[in-house]
Amino acid sequence: MKASRNAIYGGLLLLPAAILLWTFTFQPILTTIYHSLFSTPRGRRPAVFIGLDHYETMIADPVFWRAVSNNLVYALTTVPLSMGLALAMALLINAKIRGQALVRMAYFTPTVLPMVAIANIWLFFYAPDYGLIDQLLRPFGLSGNNWLGNPETALPALIVITIWKEAGFFMIFYLAALQQISPSLLEAADLEGASPWQRFRRVVFPLLMPTTLFVSINAVIGAFRLVDHVVAMTKGGPDNATTLLLFYIYQVGFSFWDTGYAAALTVVLLAVLMLIALYQFGYADKRIHYR
Amino acid sequence: MPGIEVDRLVKEWSGTRAVDQVSFKTGEAEFVALLGPSGCGKSTTLRLIAGLESANSGRIMIAGKDVTESPASKRNLSMVFQSYALFPHMSVAENIVFGLSIRGVAKADQNKRLAAIAKLLSLSHLLDRKPSQLSGGQQQRVALGRALIAETPVCLLDEPLSNLDAQLRSEMRTEIRSLQRRLGLTMLFVTHDQTEAMSMADRIILMRNGKVEQSGEPHELYERPASTFVARFIGTPPMNVVELTSSFQAAEVGQNAPISSSSPVLMGIRPEDIQFSDSGLRAVVESSEYFGADSVTLCQAGDQKLLVRTPGRPKLEAGAAVHLRWAATSAHYFDAESGLRCDPPRKELRLQQA
């Protein structure tokens with residue numbers, strides 16, 4: 001009697017969150033999977049079931065593969081670099097330096113800015129001839145670069161922006177974790193004769209692993225999710241050099257209005273992100289948490 | 001000579017002196033307790049010796065070498081932290097050999113020493129566990145192991161037993177003491193628990209407000225406290241320290257300790273030195289506490305309270321009128337203003353009591 005009552009209360013308490021999650025997360029996912037199996041309705045032609053046709057198209061689609069490889073490059077560079085930078089900044093701030101609060105704020109500022117605003121700032125930095133970078137390079141006779149217009153440099157240019165924006169955000173997590181480490185652990189390491197590097201390598205870094213895992217998962221998901229700057233700066237060009245997976249989905253869905261194919265692409269992106277999440281909760285989590 | 005020598009050590013934090021002109025010396029293989037209430041500067045003194053804080057002035061010598069300016073790792077000492085400071089991501093074995101591997105000791109040598117230490121502390125079956133999988137007492141032993149494996153002549157312990165329950169604490173007390181004897185280590189042990197200090201230490205350094213209040217063997221502190229602070233701090237229940245007022249003096253016992261000087265005198269008497277008798281100081285029983293082997297009775301004499309310790313169960317009801325006596329030799333006298341020990345003012349009169 002009492003147990004069933006508790007179950008009712010529990011269920012009612014969970015209901016609001018469950019309804020929201022279902023309506024805005026799970027239902028759309030299922031709908032997307034469903035639509036990915038149908039053709040795109042056009043004019044008087046309604047959608048018809050076409051099975052895995054979209055997925056076959058995808059395998060043959062060079063732009064899709066370009067987007068995948070771009071995104072891999074993008075993730076494999078932005079994630080480790082921004083995390084490394086974040087850790088370095090956190091260590092610097094955590095050491096007792098003067099003007100700590102100021103430095104912390106300065107490092108955090110890029111995170112606070114909206115991506116579109118950042119894109120505008122960097123459009124100026126990257127502008128050929130009169131842009132900041134070209135002006136700095138002029139004395140060396142290296143000006144006249146169209147950083148965003150050149151297929152060779154467009155993606156790296158976006159990668160730099162992402163690192164610049166994300167590092168400050170990740171730094172906050174590292175800083176919080178560093179401040180959690182008991183000072184007596186560091187004193188014990190000092191007493192045993194550990195050098196600063198050994199202390200970092202053998203004590204601090206392993207204790208930061210849960211944070212590193214958490215940040216890396218977020219960073220990887222971010223690398224597949226953050227495309228505002230692509231829209232604002234390059235629109236995927238030149239020659240698809242900066243087309244990332246999510247931007248391609250946006251293009252297919254809302255520029256080409258091929259909603260069926262866009263749904264199929266979305267399913268693939270979701271599958272990738274889900275695999276990453278599974279890796280976190282199923283495997284890495286168990287290996288890294290010490291308590 | 002292995003041992004610690006501290007000379008006029010001073011540590012200040014923004015104007016307040018945590019450690020104020022502290023000087024002491026420990027002998028070889030001596031077990032010394034640094035005792036005092038919280039905030040007396042005992043832990044800071046230990047951290048100064050360990051090199052975890054730097055002193056404002058004064059010298060620190062370890063094994064005859066001046067280490068005042070040396071970093072912690074070069075002081076040839078080991079330390080057990082109050083929180084144990086075990087590395088949570090390392091196994092017990094990795095924790096214990098951490099220092100050895102940092103110093104580049106050969107793997108074979110590491111394993112040999114680990115095996116010996118693990119056997120000594122009965123940790124052999126726990127070597128693969130993580131600290132979080134151990135009980136408090138086991139964690140304590142791992143921390144000890146990490147300190148002992150370094151084989152340094154000096155070992156510092158910062159309240160190592162404070163996180164253990166009473167039963168385990170008394171076990172570890174004996175264990176640490178016997179280890180110290182067997183290995184011939186100089187141990188400096190910080191504690192706020194006077195029972196711990198009394199039962200374990202060869203010598204006690206009692207601190208108060210950053211200064212050394214009294215230093216000596218446990219029986220010296222107990223039998224000849226240098227001040228009312230020491231008298232009240234050492235011993236459970238603490239020594240009775242009463243004002244020698246005229247009403248006290250008029251009573252039978254009081255007249256044997258007359259006040260000769262102009263400044264008032266305090267008298268101290270251990271609860272176990274007082275007996276109930278047919279004559280003596282008039283008092284009324286207020287309450288009693290039973291501890292098994294003995295009981296402590298609180299008596300009101302005039303406007304002052306006295307604790308009396310008697311063997312066995314309490315025999316007196318609250319409200320009973322009693323008389324208290326004690327041997328004149330067991331009374332201690334302190335200057336009321338400074339709190340310092342002073343000689344009984346008139347010796348010829350004290351003879352009557354004995």
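**Note on chain B of the predicted model**

1. Confidence first. Chain B has a mean pLDDT of 85, with 91% of its residues at 70 or more. This is a predicted model. Its scores are ipTM 0.80 and pTM 0.79.

2. One stretch needs care. Over residues 347-354 of chain B, pLDDT stays under 50. The model still gives residues 347-354 14 contacts beyond four places in sequence. Where pLDDT is low, the predicted coordinates should not be read in detail.

3. Next, the open sheet. Chain B has an open sheet of 4 strands, ordered 2-1-4-5, and the pairing is antiparallel. Strand 2 (16-25) and strand 5 (65-66) of chain B are its edges, each pairing on one side only. Helix 1 (residues 42-50) of chain B packs on this sheet. That helix touches strand 1, strand 2 and strand 4 of chain B. The direction of helix 1 makes about 65 degrees with that of strand 2.

4. Which strand is joined to strand 1 of chain B by 5 bridges? Strand 4 (residues 57-62) is; strand 1 covers residues 4-13, and the two run antiparallel.

5. Now a parallel pair. Strand 6 of chain B pairs with strand 7 (residues 154-158) of chain B in the parallel sense, over 4 bridges. B:Leu77 stands opposite B:Val154 of strand 7.

6. Are the residues of strand 6 (residues 77-80) of chain B buried or exposed? B:Leu77 and B:Met79 point one way, B:Ser78 and B:Val80 the other way, and all are buried.

Methods. Residues are numbered from 1 along each chain as its sequence is written. Chains are lettered from A and ligands numbered from 1 in the order in which they are written. This is a predicted model: local features need pLDDT of at least 70, side-chain atom pairs count only at pLDDT 80 or more; totals for chains, interfaces and linings use all residues. Side-chain values use heavy atoms; hydrogens and water are left out. Two strands pair if DSSP finds at least two bridges between them. Contact means heavy atoms within 4.5 Å. Axes are lines fitted to C-alpha atoms, for helices over the stretch in contact, and angles run from 0 to 180 degrees between N-to-C directions. pLDDT is the predictor's confidence in each residue, from 0 to 100. Buried means under 20% relative accessible area, exposed over 50%, partly exposed in between (1.4 Å probe, protein chains only).
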